[in-house]
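Hi,

Here is the structure I promised to pass on. Have a look, and my notes follow below.

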Amino acid sequence: MTALLDTIAKVRTEVCELHAELTRYGLVVWTAGNVSGRIPGHELMVIKPSGVSYDELTPELMVVTDLHGVPVRGINTGSGGTVDWGNPDLSPSSDTAAHAYVYRNMPEVGGVVHTHSTYATAWAARGEEIPCVLTMMSDEFGGPIPVGPFALIGDDSIGHGIVETLKNSNSPAVLMQNHGPFTIGKDARAAVKAAVMCEEVAKTVHVSRQLGEPLPIDEAKIASLYDRYQNVYGR
C-alpha cells in the first residue's frame, strides 16, 4: 500500500509539473487542455481537475480516477479503514473519459495530452492530415499526422476515435476533426513532447504551403529516418 501511495504521489507531481510545459510552449489558453498519466501496475490514472487555472495547479489538486474516469479518493486498508491520498473534491477534466478509454485499449500508453494549439487545431478544423514533408516529422511521427473522426465531448467517443486512428499508425498524435490534437506516449512526458512537436510541424508545414507545394519525402526514406531516430539516435 505504501508503494502505491508513493507511486501516486510521484505521478501527480509529474503530471502537475508537465502542465507548465503546455503554457511554456503556448499550446493552451485559459483552462483548456490537459495532461494525464497512468499509474503503472494499477487500473488508475491521474489527470488535471476541470476548470482550474494552470498557475493554481498543485500535485494535491490532480485527480486520481479509475480507467473508466470515476474519481478514486483513497484506498481500502482491508481492516475497515481507508487511506485518503489528499484528493480534493474536484471534478476531473471533461476529457477524462477519452483519456481513460485510451488507457483501457492501448496498454502500452502511459500518458495522454490534449491541447487546442493554434496551428494543429487549424489543420483539425479543415479535417486534413499534416503530410510528412519534413525529416523532423519522419523522425517523430513516422509519417503524416492523421485526422480522427468528429466526436462529441463528454463520453468516450473521442477515445474511440483516438484509438481507431492511431492503432495502425506510427504517429503519437491525432488531429480530432473540428476539435484539436491528442497525443500519446510511453509516459506523460513523452506525450507532452509529442504535443510540442505536433504544433511545431503543423506551423512549419502551414508556412511552407504559403510559399508553394511542399516536396514529399519517399516512404522508404521516411521509414529509414523513423527507425534510426526511434532505435539508434541518442542511445
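First, a definition: axes here are lines fitted to C-alpha atoms, for helices over the stretch in contact, and angles run from 0 to 180 degrees between N-to-C directions. Helices (H or I, at least four residues) and strands (E, at least two) are DSSP runs, numbered from the N terminus.

Some housekeeping: this is a predicted model, where local features need pLDDT of at least 70, side-chain atom pairs count only at pLDDT 80 or more, and totals for chains, interfaces and linings use all residues. Residues are numbered from 1 along each chain as its sequence is written, and side-chain values use heavy atoms, with hydrogens and water left out.

Now the helix pair. The axes of helix 1 and helix 6 (residues 188–211) cross at roughly 10 degrees and come within 10 Å, so the two are roughly parallel (angles under 35 degrees). On the helix 1 side, the contact (heavy atoms within 4.5 Å) uses Glu14, Val15, Leu18, Glu21 and Leu22, and helix 6 brings Ala188, Arg189 and Val192.

Among the buried ones are Ile158, Ile162 and Leu166. Their cover includes helix 2 (96–105), strand 7 (147–148), strand 8 and strand 9.

Trp30 sits in the loop between helix 1 (2–24) and strand 1 (34–39), and is exposed (over 50%) at 77% relative accessible area.

Cheers

Methods. Buried < 20%, exposed > 50% of the residue type's maximum accessible area, 1.4 Å probe, protein only. Parallel < 35°, antiparallel > 145°, perpendicular 65-115°, else oblique.
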